[in-house]
Amino acid sequence: MLLKTIHVKCVVCGEVNEFKDVASVSANGFYDLDMRPPAQKRDAIIYEVQVCKKCFYVNNSIDELIDKRVFEIIKSEKYLTIAKKDINTAAKGYLLLGEIFKYSDIEVSGWNYLKAAWVFDDLRQYDEAVDARKQAIGYFKQLLGGLEGGRREQAKAVVVDLLRRTGDFENAIKLANELLEETKDKKAFVIAAMKTQILLSKDEDDGCCNMEDVDEILETGQELERAGK
Ligand SMILES: [Zn+2]
């Protein structure tokens, strides 16, 4: 992964910040069941959010204003509490983006909390990862009622993974079964992913799983079933 140094002027306070930016990445490989991308794209996530060191405004690029509400939001007690936490900067950036977008676009908010969870996963800060995933679950669940077709299917599949990764195996199984009912005659990989989620949840396995693992897990599951276990 090729990195370059960039200087970005904060659109809110005018401070010029120095960041590392990704010049190019490859994305070959398998996605995780929560849509986390593979290979270099996976590692690039920490460079795809910028926090202003002076006013704590956050965006994927802080020279762009998300909307006028941010002037108020970034001064709120909740925002500043997160901004002043002693945690990884990228994780903090995504938590703050989640906070900004919850007023305007809960889908974007949910994805940003999930990205914060991915950063915490890599840092092995699992309690923080679970907290971020729980926030994401809240926003994605609110969203489900209003989505249709492929986007609903994708959001629901992600919630199943979020539930399992936070140890809520019972609801993960329930939602996976619900999605299987809805997705008859639909995408084969969604069906395979949901069957895998059910097997993992029955095992109370809350670990990371990608699409490459799915075939292997399903095969093992079928063998166990045949053996009557
Ligand atoms: Zn600023």
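## Domain organisation

The protein is divided into domain 1 (1-144) and domain 2 (148-229), with bounds that come from an automatic or database domain assignment. The model is a predicted one, in which local features need pLDDT of at least 70 and side-chain atom pairs count only at pLDDT 80 or more, while totals for chains, interfaces and linings use all residues. Residues are numbered from 1 along each chain as its sequence is written.

The centres of the two domains, taken over C-alpha atoms, are separated by 27 Å. Across the boundary, 16 residues of domain 1 are in contact with 17 residues of domain 2; a contact requires that the C-beta atoms of two residues, placed from the backbone, lie within 7 Å. Helix H6 (residues 126-144) supplies 9 residues, the largest share of the side of domain 1 that touches domain 2. That side divides into 10 nonpolar residues, no polar and 6 charged, where Ala, Val, Leu, Ile, Met, Phe, Trp, Tyr, Cys and Pro count as nonpolar, Asp, Glu, Lys and Arg as charged, and the others, Gly among them, as polar.

## Overall fold

The protein has 10 helices and 4 strands. Helices (H or I, at least four residues) and strands (E, at least two) are DSSP runs, numbered from the N terminus. From the N terminus on, the order of the elements is β-β-α-β-β-α-α-α-α-α-α-α-α-α. The radius of gyration is 19 Å, close to the 17 Å that the globule rule gives for 229 residues, so the protein is as compact as a globular protein of that length. This radius is taken over C-alpha atoms, and the globule rule is 2.2 Å times the number of residues to the power 0.38.

Along its principal axes, the C-alpha trace spans about 65 × 35 × 30 Å. Of the 229 residues, 34% are buried. A residue is buried if 20 or more other C-beta atoms lie within 10 Å of its own, exposed if 12 or fewer, and partly exposed in between, with C-beta atoms placed from the backbone. Among contacts between residues at least 6 apart in sequence, 50% join residues at least 24 apart.

## The N-terminal hairpin and the loop after it

Strand E1 (residues 2-9) runs antiparallel to E2, and 8 bridges join them; strands pair if DSSP finds at least two bridges between them. Val-8 stands opposite Asn-17 in E2. The two strands form a hairpin with 6 residues between them, and Gly-14 in the turn has a positive phi of about 85°. Of the 9 residues of E2, the number buried is 0, so this strand lies largely in the open.

Met-35 is located in the loop between strand E2 (16-24) and helix H1 (39-44). Although Met-35 is not a glycine, its phi is positive, at about 75°. Met-35 is partly exposed, with 13 other C-beta atoms within 10 Å.

Helix H5 (residues 106-122) has 17 residues, which at 1.5 Å a residue should span 24 Å; its end C-alpha atoms are 25 Å apart, which agrees. The expected span is 1.5 Å times one less than the number of residues. In H5, 13 of the 17 residues are buried, so the helix is largely enclosed by the rest of the structure.

Glu-204 follows H9 and has a positive phi, near 55°.
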